[in-house]
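Open the model in your viewer and keep the selection tool ready. The stops below go one selection at a time.

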Amino acid sequence: MRTNYFVLMSVGVLMLAASCSRAVKDDAHSHDESLQLTAYNELFEVYAEVTPPVAGDTCEIVAHFTWLDGFKPLESGAIKATLGIAGQTLEAPTRVGIYKFHLVPAATGEACITFDIATPDGSSHLVTPTFTVCDDNHEAQHIAADLKAASSNGVVFTKEMSWKVDFATDSCRRELFGQVIRTMAQVQPSQDDERVVAAQGSGIVASAMASLVEGSAVSGGQTLFTIESGAMAEGNLAVRYSEAESAYRLAKTDYERKQSLAADRIVSEAELQRAKAALEQAEAVYNNLRSHFSSGRLAAKSPIGGYVKQLLVRSGEYVEAGQPLAVVSQNRQLMVRADVPSRYWNLLADIATATLRTTSEGRTYSLEELGGKVVSYGRSVDLSSPMVPVTFEVRNAAGLLPGSMVEMFIHTRGSRPVVTIPTSALIEEMGNWFVYVQLTPEYFEKREVTAGQNDGLRTEITSGLNGTERVVTRGAVLVKITQMSGGLDAESGHQH
């Protein structure tokens, strides 16, 4: 199955390469060499192929614009390109993602190209690295040839190809990267996120919903159970309700009578206050029963909206007043408990962050993404299980299931900066690790690296990268297949 998968992927990439080649031939021109300029800002990547610039001659600029969010082409928008004093504005791309400018450099010397992008979402500004404007074409061609990216282990993967697949690149980082403790953890509900529905009185319980089961969604104030005691000689709820109602009405009448008599000073102020206190007490008992009593039954209501986590009784059972009937959870805040071997105990005071990976989907989330924090860690261990509990609180933005297990990477504070890359950039071959380093956005070098610790999202690289490179983080296997198939020649140039 694995062999068939790679065969199919290879065929797919070759077909994609052929499709892209056909597309570019429709609008092609040839040139000997070109300057290859790349620039980034917070929104865009621009990759510009520039005919070697000569003062006074027309310079063609074929610029590819890619949204960094998703690595897809810019499909519309007005872009102004400026080279020295020369400028040109295009209201729409020549082809999706590609804008073709023609500018004339006015003088020799160092120069750069600026791009001002205007889209419905806002404006953006990009500046390319500097280059030299020459006074004759031969010198310009010579400089462009010297600057051309080349590698004995390189592969061309055009922008048109990368736009059609799940592809992305990202920069290496130099960052503090401490010890990573890898373990399993259990997702648990937060105590502040759960409420117990209790019986308001004794009697026979019955479900108030047609299908009340664990997992049912409920709203705050919704009746979940009814409790009936009409057939019981003692603790009859209907009798209690009738008694409370009679006591309330009697206390109200007595208070109103004494209130009128007090106006004529027939009843003392102290007696009036006692009547008022008796009324308030009777009213409280009556209102409490009335809020839960309907059609001869007590109603047990959910105090919060959420879902039924646990049912503790079945219809037809006898329950006592105060007995728990169900647990309702909002499932918004969760606790994640990881059990760490005691040999790591001295590191737990320096926990910086953590990442967790779900076992069902295999997705990885950082503690920051989930709005999480470290709650506590154990100060002692059980002799029967020498593990130290570490508890985190997270917001359930990832659809975590209470009771399920997740893989946990606990990251302690580091003392020295190291080179790290996204873990997804790594490709394993025969026990060795490789990455594809971007030489230009269309040309990549396969490079062997030595991987150190990883925290589920990023991996430490101990050799092979210096921290200034940009690597393929999504779609590296497609670049690999293209290299294996020999579908595109790195020395053949790139035409638009």
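**Stop 1: the cores**

Select Ile 61, Phe 65, Phe 101 and Phe 115. These touch the most other members of the largest nonpolar core, which has 28 residues. A nonpolar core is a set of buried Ala, Val, Leu, Ile, Met, Phe, Trp, Tyr and Cys residues joined through side-chain atoms within 4.5 Å. Buried means under 20% relative accessible area, exposed over 50%, partly exposed in between (1.4 Å probe, protein chains only). Now colour the strands that give two or more residues to this core, including strand 3 (59–67), strand 7 (98–103) and strand 9 (113–119). Helices (H or I, at least four residues) and strands (E, at least two) are DSSP runs, numbered from the N terminus.

Centre on Phe 101. Beyond four places in sequence, its contacts (heavy atoms within 4.5 Å) include Ile 61, Ile 79, Leu 90 and Phe 115.

Residues are numbered from 1 along each chain as its sequence is written, and side-chain values use heavy atoms, with hydrogens and water left out.

Colour by pLDDT, the predictor's confidence in each residue, from 0 to 100. The protein's mean is 85, and 88% of its residues reach 70 or more. Select residues 1–31: pLDDT stays under 50 there. Residues 489–493 are also below 50. Where pLDDT is low, the predicted coordinates should not be read in detail.

**Stop 2: Thr 169**

Select strand 13 (residues 168–171) and find Thr 169 in it. Is Thr 169 buried or exposed? Thr 169 is buried, with a relative accessible area of 5%. Show the side chain of Arg 470: a polar contact of 2.8 Å joins it to that of Thr 169. (A polar contact is a pair of N or O atoms within 3.5 Å; within protein, one must be able to donate a hydrogen and the other to accept it, and residues adjacent in sequence count only if both atoms are side-chain atoms.)

**Stop 3**

Four strands run in the order 16-24-22-18, with antiparallel pairing. Two strands pair if DSSP finds at least two bridges between them. Strand 16 (194–198) and strand 18 (217–218) are the edges. Strands 22 and 24 pair over four bridges. Finish on Val 308, which stands opposite Val 328 in strand 24.

Definitions and conventions: Predicted model: local features only at pLDDT ≥ 70, side-chain atom pairs only at ≥ 80, totals over all residues.
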